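I went through the coordinates one topic at a time.

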Amino acid sequence: MTIKRITPCPILEATIQINCTFNVEQDVLVGVIYSLLGGNIPPNNNNISVEPLPILNLPDEIRRNDPNLRDKPWFKINYNGFFILIGIYGVSLGLNPPYNGWESFKDFSVMVFHKLQENVIKEISAITLRYLDFFKEINIFEHINCSLILNEKPINGIPTVIRTELPYGNFVNALQITNGVHVKNLALGLDKDGSLIEMSLFTKKVSIDNFENIIEEAHTLQKDSFFKLLTKDFLNTFSVDYE
């Protein structure tokens, strides 16, 4: 049996970043995407909105040419509990908490991608599936299958941050583990200290026609890696559903 989910769900954020080029100008892209999505919901529905992001306060030349800003989104479209971030790098798809499961997130992502594929995407160069999990009032280094030793002593003090990149089939798993953080999230009722696990499954082995297969494979690998990272004793403190 494989683990399907644990309760309470620790997921804070889930996003799919699509690095791509467009066949329309950047200045009109957000309007085109808004129109494409707006056709799916009734007129005058408030469940879709466009939010300019702070980077737009910078001069246009800096936004376009500063390498540190190339992966920053310019606009956010909020859409029925999900969102689309738009920048010169491409688009990112995500959902507002609480996380309602992979199938819901995947269905939204595939729907949006197909609309973009048919209308505005020229080609894609990379896809990244990212999850951020928070464990409140926990030093996660005491509950994972990973040991760090320095001078014959474990490294698990607060604060500690480790980051590594692990090859995983056609993907690279960028893993970052952090303790001693404070998270405040009104939607989840959080205002607690704890630990974070961030996993990003990244691949450049992509084509415009295999988006759904790529994100499904990335999700399977991410979930397997995540649950193997947690110790059995720690998993037993959750309610575990199997598939």
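**Salt bridges**

I counted 12 salt bridges, taking as one a side-chain nitrogen of Lys or Arg within 4 Å of a carboxyl oxygen of Asp or Glu. The model is predicted, so I kept to the rule that local features need pLDDT of at least 70 and side-chain atom pairs pLDDT 80 or more, while totals for chains, interfaces and linings use all residues. Residues are numbered from 1 along each chain as its sequence is written, and side-chain values use heavy atoms, with hydrogens and water left out.

I looked up R63 and found a salt bridge to D60, with 2.9 Å between the closest N and O atoms. Both residues are in helix α2 (residues 60-65), three residues apart, about one turn of the helix. For helices I used DSSP runs of H or I with at least four residues, and for strands runs of E with at least two, numbered from the N terminus. For accessibility I called a residue buried under 20% relative accessible area, exposed over 50% and partly exposed in between, with a 1.4 Å probe and protein chains only. R63 counts as buried because its relative accessibility is 9%. D60, at 34%, counts as partly exposed. I also noted a network of salt bridges that links D27, D60, R63 and R64.

Next I checked R163 and E165, whose side chains form a salt bridge at 3.2 Å, N to O. R163 is exposed at 52% relative accessibility, and E165 is partly exposed at 48%.

Why are D224 and K228 separated by about one helical turn? They are four residues apart in helix α4 (residues 211-229), so the separation is about one turn. An α-helix has 3.6 residues a turn, so residues three or four places apart point the same way. D224 is partly exposed, with 31% relative accessibility, and K228 is exposed, with 57%.

**Charges over rings**

I took a charge as sitting over a ring if NZ of Lys or CZ of Arg is within 6 Å of the ring centre and within 35 degrees of the ring normal. The charged end of R63 sits over the ring of W74, 4.4 Å from its centre. K76 lies over the face of F83, 4.7 Å from the ring centre.

**Aromatic pairs**

My search of the whole structure gave 10 aromatic pairs. Rings of Phe, Tyr and Trp (its six-membered ring) pair if their centres lie within 6.5 Å; planes under 30 degrees apart are stacked, over 60 edge-to-face and the rest tilted. F113 and F211 make a stacked pair, 4.2 Å centre to centre with 15° between the planes. F113 is in helix α3 and F211 in helix α4, so this pair ties together parts 98 residues apart in sequence. Both F113 and F211 are buried. I also recorded a cluster in which ring pairs link F135, F226, F227, F234 and F238.

**Helix α3 and the cores**

Among the buried residues of α3 are W102, F105, F108 and L116.

For nonpolar cores I used sets of buried Ala, Val, Leu, Ile, Met, Phe, Trp, Tyr and Cys residues joined through side-chain atoms within 4.5 Å. The largest such core has 47 residues, and I16, I18, I84, F105 and F211 have the most contacts inside it. Helix α3 supplies the largest share of this core, seven residues. Apart from this core I found another of 17 residues, among them I140, M199, F226 and F238.

**Single-residue contacts**

Contact here means heavy atoms within 4.5 Å. Not counting residues up to four places away in sequence, F211 touches I16, I18, L93, S109, V110, F113 and I127.

T15 lies in strand β2 (residues 11-22) and is buried at 16% relative accessibility. With neighbours within four places in sequence left aside, T15 contacts F83, L93, G94, F105, T128, L129 and R130.

T231 is in the loop between α4 and α5 (232-235). Its relative accessible area is 17%, so T231 is buried.
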